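Here is a short note for a colleague who has not seen this structure before. Please keep the sequence and the view side by side while reading.

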Amino acid sequence: MSRRPGNPTRRFVGGGSNPLGGIFHSKSKASPLLSVVLVLLGTVLVIGYVYRGSGGSGDYKAFSKIQGDFSCTFDVHTAIPILKKTYGDSMHKVLHVGPDTCSIVSQLTKEKDTEAWGVEPYDIEDADVSCRSLVRKGLVRVADIKFPLPYRAKSFSLIIVSDSVDYLSPKYLNKTLPDLARVSAQNLVIFTGKPSSSKTKLQQASKFGRPAKMRSASWWARFFVQTSLEENEDAAKKFEKAASKSSYKPKCQVFHLNSYH
């Protein structure tokens, strides 16, 4: 394919009586194929660029759409402006817990007056340069959330959790959620999958080591009561109002909780 651009020139040099006619004839044959090649090359370059830069919020969205991956973490990316309107000053010190946390932290740090940290519950051997940089700086940690997080009590004003608790059994949830509330000074937001999206999540079982358990809103409500976690109704109303104005419809369930007093 790389030889084709040289063909018109060679035909022009060996021109015969009508060199210009040779040029136009050559282009008319090469143009459709050249267009296909350019489109394919452009697609490959875009996917490669997006994959390498997936530590950033915009790149993550583009890559997620290409792959058809509308996970709860994708929902968080879209919801950050909504969360900002909902929690205001509580967005000053934020901890995100979940896979692809590097992309969330990267987006949050672009928000005015917002400091962000992340906890990656799973292996990051394939992490890009941007993500590894966040790990080296200590902004992102790799930690098993079935055990106490390496933070002091009330270290963060807001904690956002996505694509994590769906993979925990009730045995570990009884430890993990209270610990998340422990390191939260004010608010805790949890994005969980809906029962209707179980097929999508089951496809990701190999990545997370076990199938996701999609639980209903009523199941979570009972669990919050059992663990003495109170739902933040005011924040839930603000979030719904802001989401409605922005035409944002989360594909996952979103729960707003108060931290332990």
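1. **The chain as a whole.** This is a predicted model. The protein chain holds eleven helices and six strands. It has 261 residues, and 43% of them count as buried. Take the contacts between residues at least 6 apart in sequence: 71% of these join residues at least 24 apart.

2. **Overall confidence.** The mean pLDDT of the protein chain is 77. A value of 70 or more is reached by 68% of the residues. Confidence is highest in strand β1, residues 93–97, at a mean of 97. It is lowest in helix α1, residues 7–13, where the mean is 35.

3. **Stretches to read with care.** Over residues 46–70 the pLDDT is below 50. The model still gives this stretch 43 contacts beyond near neighbours in sequence. Residues 197–206 also stay under 50. For them the model has 14 contacts beyond four places in sequence. Where pLDDT is low, predicted coordinates should not be read in detail.

4. **Helices α4 and α5.** How do these two helices lie relative to each other? Helix α4 spans residues 72–87, and its axis is 10 Å from that of α5. The angle between them is about 5°. Angles under 35 degrees count as roughly parallel, so α4 and α5 are roughly parallel to each other. On the α4 side, Thr-73, Val-76, His-77 and Ile-80 take part in the contact. They meet Ser-103, Ile-104, Gln-107 and Leu-108 of α5. By class, this contact of α4 with α5 has four nonpolar residues, four polar and no charged ones.

5. **Helices α5 and α6.** Helix α5 covers residues 101–108, and helix α6 covers residues 129–136. Their axes come within 10 Å and cross at roughly 80°. An angle of 65 to 115 degrees counts as roughly perpendicular, so that is how α5 and α6 are placed. Cys-102, Val-105 and Ser-106 are the α5 residues here. Their partners in α6 are Ser-130, Cys-131 and Leu-134. The contact of α5 with α6 divides into four nonpolar, two polar and no charged residues.

6. **Arg-132.** This residue sits in helix α6. Is Arg-132 buried, exposed or partly exposed? Its relative accessible area is 37%. Buried would need a value under 20% and exposed one over 50%, so Arg-132 is partly exposed. Leaving aside neighbours within four places in sequence, Arg-132 is in contact with Ile-124, Glu-125, Asp-126 and Ala-127. Its side chain reaches the backbone oxygen of Ala-127 at 3.3 Å. Cys-102 is 30 residues from Arg-132 in sequence. In space the two are 8.7 Å apart, C-alpha to C-alpha.

7. **Asn-258.** Look next at strand β6, residues 253–258, where Asn-258 is found. Its relative accessibility is 18%. The cut-off for buried is under 20%, so Asn-258 counts as buried. Which side chain makes a polar contact with the side chain of Asn-258? That of Asn-232 does, at 3.0 Å. Not counting residues up to four places away in sequence, Asn-258 touches Gln-186, Asn-187, Leu-229, Glu-230, Glu-231 and Asn-232.

Methods
Residues numbered from 1 in each chain as written. Heavy atoms only, no water. Axes fitted to C-alpha atoms, helices over the stretch in contact; angles between N-to-C directions. Helix = DSSP H or I, 4+ residues; strand = E, 2+ residues; numbered from the N terminus. Parallel < 35°, antiparallel > 145°, perpendicular 65-115°, else oblique. Contact = heavy atoms within 4.5 Å. Nonpolar A, V, L, I, M, F, W, Y, C, P; charged D, E, K, R; others polar. pLDDT = per-residue confidence, 0-100. Buried < 20%, exposed > 50% of the residue type's maximum accessible area, 1.4 Å probe, protein only. Polar contact = N/O pair within 3.5 Å; in protein donor to acceptor, adjacent residues only side chain to side chain.
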